[in-house]
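Hi everyone, thanks for making time for this. Please have a look at the model on the screen, and then I'll walk you through a few parts of it.

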Amino acid sequence: MNKKLGLTALGAALAVGLTACGGSGAGGNSNDTASSDPSDLTIGVSMPTQTSERWIADGNAVKSQLEDAKYKVDLQYANDDIPTQGQQIDQMITEGADLLVVAAIDGTALSSQLQAAADADIPVISYDRLIRDTENVDFYVSFDNYKVGVAQGTALLAGLGVTDKDGKPTGTKGPFNIELFAGSLDDNNAAFFFNGAFDTLKPFIDDGTLVVKSGQTSIEQAATLRWAQETAQKRMEDLLTGSYNDGTKVNGVLSPYDGISRGIITALQNAGYGPNLTSTPTPLPVVTGQDAEIASVKLINDGVQSSTIFKDTRTLAAQAVTASEAFLEGNEPEANDTKTYDNGVKVVPSYLLPIETVYKDDIQSVLIDSGYWTADEVAKGQAG
């Protein structure tokens with residue numbers, strides 16, 4: 001997949017200036033890596049799952065760009081099993097990893113492994129999902145996840161015609177029936193996404209423009225364990241059976257992730273929404289998403305899914321490489337946020353990257369022209 005690998009030039013462009021403080025993070029990094037050749041250093045990369053193309057892309061991009069910088073890389077996937085991820089990280093530490101890049105399945109479940117890393121003076125970079133409840137995390141690379149939620153809420157409003165794409169109210173009053181979905185509660189990002197979206201939607205819920213007919217408006221009610229498509233489909237089916245059996249229709253669904261979106265859409269289509277043999281088909285609701293997964297990009301291109309949030313895994317990988325190089329050279333990575341991401345023990349210095357909302361009209365300019373997907377991949381809905 002051409003768009004997920006290499007990109008050495010992009011990595012160099014993102015190599016933000018490093019402070020020459022010569023210090024180290026909680027991991028200490030007292031193993032004199034600054035004087036070592038990169039080819040003598042190993043970076044352990046722990047990714048949560050291969051069931052999502054997004055995480056496969058992240059793993060490939062991080063590994064490729066670290067190898068371009070001449071580091072050895074131990075990339076492991078835990079397949080959404082928390083004990084497996086813990087064991088893999090233990091093994092990386094035992095085998096002498098000089099730095100860890102970790103995208104946690106459960107951000108609260110790695111305390112013993114990270115204590116072992118700290119004891120061995122191994123810096124830890126939390127990748128996209130904030131690791132919680134430990135002082136032994138040195139740096140966080142991610143996107144502005146609250147803004148992701150704001151963008152998803154805005155995309156839902158724009159799809160319904162309540163606002164324009166910039167969030168400016170149009171005067172359309174509705175009422176529109178909507179339902180809310182959230183991610184997995186063990187992922188710290190899920191709350192940022194949901195809170196950003198709900199804060200954006202709430203004024204329109206309060207004034208009656210939007211109606212959550214099921215009444216399920218808390219993140220606990222909306223959560224989708226492990227972000228699973230099948231779980232989202234089952235909940236959407238239950239919502240349709242329980243709250244829309246009186247003939248009313250769903251007009252919009254807030255979805256935080258493309259896999260969840262596809263489960264929601266399947267449930268809706270099975271319930272008769274979208275093109276069918278009836279003379280007056282029920283239109284599919286506006287459905288948001290995230291990660292620009294190729295199957296959902298095709299659905300957007302076909303007018304089925306309304307939008308997705310594009311978070312370029314190539315730029316995130318490049319920032320992880322930049323932070324890794326800083327630590328291993330005896331420096332501190334430059335943070336652009338030192339206030340937002342409190343993991344329950346400390347505020348973790350962070351570097352946050354921008355995001356883009358993708359509607360059908362944006363697919364060419366944002367995804368194809370940038371080389372993330374090709375036109376053929378979009379047409380087929382499959383990675384080449």
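Let's start with Gly274, which sits in the loop between H9 and strand E9 (286-287); helices (H or I, at least four residues) and strands (E, at least two) are DSSP runs, numbered from the N terminus. Before I go on, a word on the ground rules: this is a predicted model, where local features need pLDDT of at least 70 and side-chain atom pairs count only at pLDDT 80 or more, while totals for chains, interfaces and linings use all residues. Residues are numbered from 1 along each chain as its sequence is written, and side-chain values use heavy atoms, with hydrogens and water left out.

Back to our glycine. Is Gly274 buried or exposed? Gly274 counts as buried because its relative accessibility is 5%, where buried means under 20% relative accessible area, exposed over 50% and partly exposed in between, with a 1.4 Å probe and protein chains only. Gly274 and Leu284 lie 10 residues apart in sequence, and their C-alpha atoms are 4.8 Å apart in space. Not counting residues up to four places away in sequence, Gly274 touches Pro281, Thr282, Pro283 and Leu284, contact being heavy atoms within 4.5 Å.

E9 leads us to a sheet. The open sheet has four strands in the order E7-E6-E8-E9, with parallel pairing; two strands pair if DSSP finds at least two bridges between them. Its edge strands are strand E7 (210-212) and E9, each pairing on one side only. E9 is joined to strand E8 (residues 252-254) by two bridges, and Gly252 has Val286 as its bridge partner in E9.

Now for another strand, E5 (residues 139-143). Five of its five residues are buried, so E5 is largely enclosed by the rest of the structure. Phe139, Val141 and Phe143 cover one side, Tyr140 and Ser142 the other. Strand E4 (residues 124-127) runs parallel to E5, with three bridges between them, and Ser126 is partnered with Tyr140. E5 also pairs in the parallel sense with strand E11 (residues 350-353), over four bridges, and there Val141 stands opposite Tyr351.

On a 1 Å grid over the protein atoms alone, a cavity is a set of points where a 1.4 Å probe fits but cannot get out, a pocket is an open set with protein on both sides within 12 Å along at least five of seven lines, and lining residues have an atom within 4 Å of a point. Grid points are joined across faces, edges and corners, and a volume is the space filled by probe spheres set on the points.

Asp187 is worth a stop. Asp187 lies in the loop between strand E6 (176-180) and helix H6 (188-206), and it counts as buried because its relative accessibility is 4%. Its side chain makes a polar contact of 2.8 Å with that of Arg129; such a contact is a pair of N or O atoms within 3.5 Å, where within protein one must be able to donate a hydrogen and the other to accept it, and residues adjacent in sequence count only if both atoms are side-chain atoms.

Last, the largest pocket, with a volume of about 370 Å³. Of its 25 lining residues, the closest to the centre are Ser52, Trp55, Arg226, Trp227 and Tyr257.
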